[in-house]
Amino acid sequence: MALITARGLQKRFGDLTAVKGIDVQVEPGEAFGFLGPNGAGKSSTMKMIGCVSPRTAGELSILGLDPATHAAEIKARLGVVPQTDNLDVELSVLENLTVYARFFGISRAEARRRALELLEFVQLTERANDRVEPLSGGMKRRLTIARALINEPEIVLLDEPTTGLDPQARHLVWERLFRLKQRGVTLVLTTHYMDEAEQLCDRLVVMDGGKIVAEGSPRELIERHSTREVVELRFSLNEMDELGSIAEKLDGIAQRIETLPDRLLLYAADGDAAIAEVHARGVVPASVLARRSTLEDVFLHITGRTLVD
Amino acid sequence: MRAWACYHYELIGYRRTWKGSVFSQFIVPVLFMLSIGLGVGTYVDRGGALGAVDYVSYLAPGLLVSTAMQLAVGESTFPVFSNFEWSRYYYAMQATPVRVRDVLGGLLGFLLTRVLVGAGAFLLVMAVFGAVHSPWLLGTLPVAGLVGLACAGPAIAFAARVTSAANFSLMFRFVLIPLSLFSGVFFPVERLPGWLEPLAYVSPLWHAVELSRQFAFGAFTNAASWHAAYLLVWLVAGWFLAHSSFTRRLQK
Ligand SMILES: Nc1ncnc2c1ncn2[C@@H]1O[C@H](COP(=O)(O)OP(=O)(O)OP(=O)(O)O)[C@@H](O)[C@H]1O
Ligand SMILES: [Mg+2]
């Protein structure tokens, strides 16, 4: 049985419809991702799943229960990492965990035991008795993640868990989330980092303007929406204005050619073969790079390259 | 119980600042008693306006409940606003099985504790100033608790609705201070200009002052239970007001 099922799920704020009828199904033990540009409706969806924002229309079932009628029961079994940290910065690191544990009815002794274990898990043991206020952003984020685990949740909702973290902290978080997944915890996360989605998510959806526009595993999405490889061609400054005509000259070399302000992208199964053909047609780029297609290529292809807001 | 967990949260937060606040809980009444009680009191007593009662004994029970109200309102404005707007901690609580009524219950329980401790300190100061006249004086403690909670409800509702902390200084200036000046703490409300007098009767503080003074002297009138009932109405209405404002703010 799916842990999370949404059918035609909608969220409206006055005149604005943030989520326009989405269908989602998350299976036990899965790591499921929501991708999408700013304002796509990811956080709005996460809040409905977290039972803190009532849905406007559609069906939603979490752990087999309806958030509209069983919010407290569901919340008892969820862990939530919101997009912006909401720790009590006046309290100590340890207190943030033990106090929070009490909200779940966890006894004082058990709360302390779990808190110390979780601080070890997110490598904050040394800061246990420090006030939260002066901690770095990355430390606060790790503490928020630890707090979300205090009730040993079956599902953890993570809204942009690693935004603003340095690479070391990001890798630590990824590694910890991976361990949770191995223990059978179901992860639902949103992210703007395509490498994060590729690393962590078994399956993901791309949202745009409140709708789901693509769905699948990272590999499936790349296969479906991109080619195996991408060749990036850069040109000297005085050729920049002629990129369009250069692209015409290269017509047919790749499955798709995208013209960007500063370079051409050739989507081809075999990058090296495409490069050879470029040279054969007498085009001499300033630099050439053949690489594998990434989720980022898919994402930009689906949601467009222009800023939405 | 979930409300206890919320109460516990408030206490843990208070643990970091309690020393300063307990100290000021003794200092403020001492300063008031010295300056107004003894200073102004000398003139009042010389004039004989209060008959057999000395001004310090008249003033103290009113000041007690007025201080209780200010403490409760103060603790329900900035800290509540901060938990919505700055730390956003209420949103963290919202993600747990804790319900709005638990958060409010914990907060009001904490305010009650604070008010009772403060009022207890006040009674000690009164004893030092020789303003104790009846064992009924202990009855001023529940009156202080009642008026604190009765005023906390609307204050919490206000804090949950405003979008800027600047609104609080307006509230203090135009509601709280006039309320504490014109609710019979320092002089009988009959002395107010006629148009202002009815406003005093609406003020929950006036009812608390009357009730507190009756306890202080152990002399009760028929109005006593009406004063208590009026405060209870504020308490219940304030609870519902706070509850709906809280719920609304959490949806944002
Ligand atoms: N409480 C609210 N009241 C009114 N509008 C809201 C509210 N929350 C979100 N919105 C609007 O709903 C839309 C979707 O917002 P949401 O936060 O879900 O996007 P998102 O995908 O999480 O974006 P981001 O990547 O920037 O976090 C936006 O247009 C936003 O302005
Ligand atoms: Mg978001």
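Glu95(A) is found in helix α3 of chain A. The model is predicted. Glu95(A) is buried, because its relative accessible area is 12%, below the 20% cut-off. Leaving aside residues up to four places away in sequence, Glu95(A) touches Tyr100(A), Ile12(B), Arg15(B) and Arg16(B).

**The magnesium ion**

- Ser43(A) and Gln83(A) coordinate the magnesium ion (ligand 2).
- The donor atoms are OG of Ser43(A) and OE1 of Gln83(A), at 1.9 to 2.1 Å.
- Ser43(A) lies in helix α1 (residues 42-49) of chain A, and Gln83(A) lies in the loop between β5 (78-81) and α3 (93-103) of chain A, so the pair ties together parts that are 40 residues apart in sequence.
- Ser43(A) counts as buried, at 17% relative accessibility.
- Gln83(A) is partly exposed, with a relative accessible area of 39%.

**Helix α1 of chain A**

- Seven of the eight residues of α1(A) are buried, so the rest of the structure largely encloses this helix.
- The buried residues are Lys42(A), Ser43(A), Ser44(A), Thr45(A), Met46(A), Met48(A) and Ile49(A).
- Just after α1(A) comes Cys51(A), with a positive phi of about 65°.

**Helices α2 and α5 of chain B**

- Helix α2 (residues 18-47) of chain B packs against helix α5 (residues 100-128) of chain B at an angle of about 45°, and their axes are 9 Å apart.
- That angle makes α2(B) oblique to α5(B).
- The crossing of α2(B) past α5(B) is right-handed.
- On the α2(B) side, the contact is made by Ser21(B), Gln25(B), Phe26(B), Pro29(B), Val30(B) and Met33(B).
- On the α5(B) side, the contact residues include Arg114(B), Val117(B), Gly118(B), Ala121(B) and Phe122(B).
- By class, the contact of α2(B) with α5(B) has ten nonpolar, three polar and one charged residues.

**Helices α3 and α9 of chain B**

- Helix α3 (residues 55-85) of chain B and helix α9 (residues 204-217) of chain B pack at about 135°, with 8 Å between their axes.
- α3(B) and α9(B) are therefore oblique to each other.
- Their crossing, α3(B) with α9(B), is right-handed.
- From α3(B), the residues in contact include Ser57(B), Tyr58(B), Pro61(B), Gly62(B) and Leu64(B).
- From α9(B), they are Leu205(B), Ala208(B), Val209(B), Ser212(B), Arg213(B), Ala216(B) and Phe217(B).
- The contact of α3(B) with α9(B) has ten nonpolar residues, four polar and one charged.

Key: Residues are numbered from 1 along each chain as its sequence is written. Chains are lettered from A and ligands numbered from 1 in the order in which they are written. This is a predicted model: local features need pLDDT of at least 70, side-chain atom pairs count only at pLDDT 80 or more; totals for chains, interfaces and linings use all residues. Side-chain values use heavy atoms; hydrogens and water are left out. Axes are lines fitted to C-alpha atoms, for helices over the stretch in contact, and angles run from 0 to 180 degrees between N-to-C directions. Helices (H or I, at least four residues) and strands (E, at least two) are DSSP runs, numbered from the N terminus. Angles under 35 degrees count as roughly parallel, over 145 as roughly antiparallel, 65 to 115 as roughly perpendicular and the rest as oblique. A crossing is left-handed if the near helix is turned anticlockwise from the far one by less than a right angle, and right-handed if clockwise. Contact means heavy atoms within 4.5 Å. Ala, Val, Leu, Ile, Met, Phe, Trp, Tyr, Cys and Pro count as nonpolar, Asp, Glu, Lys and Arg as charged, and the others, Gly among them, as polar. Donors are N, O and S atoms within 2.8 Å of the metal (3.2 Å for Na, K and Ca); water is not among the atoms, so sites may look incomplete. Buried means under 20% relative accessible area, exposed over 50%, partly exposed in between (1.4 Å probe, protein chains only).
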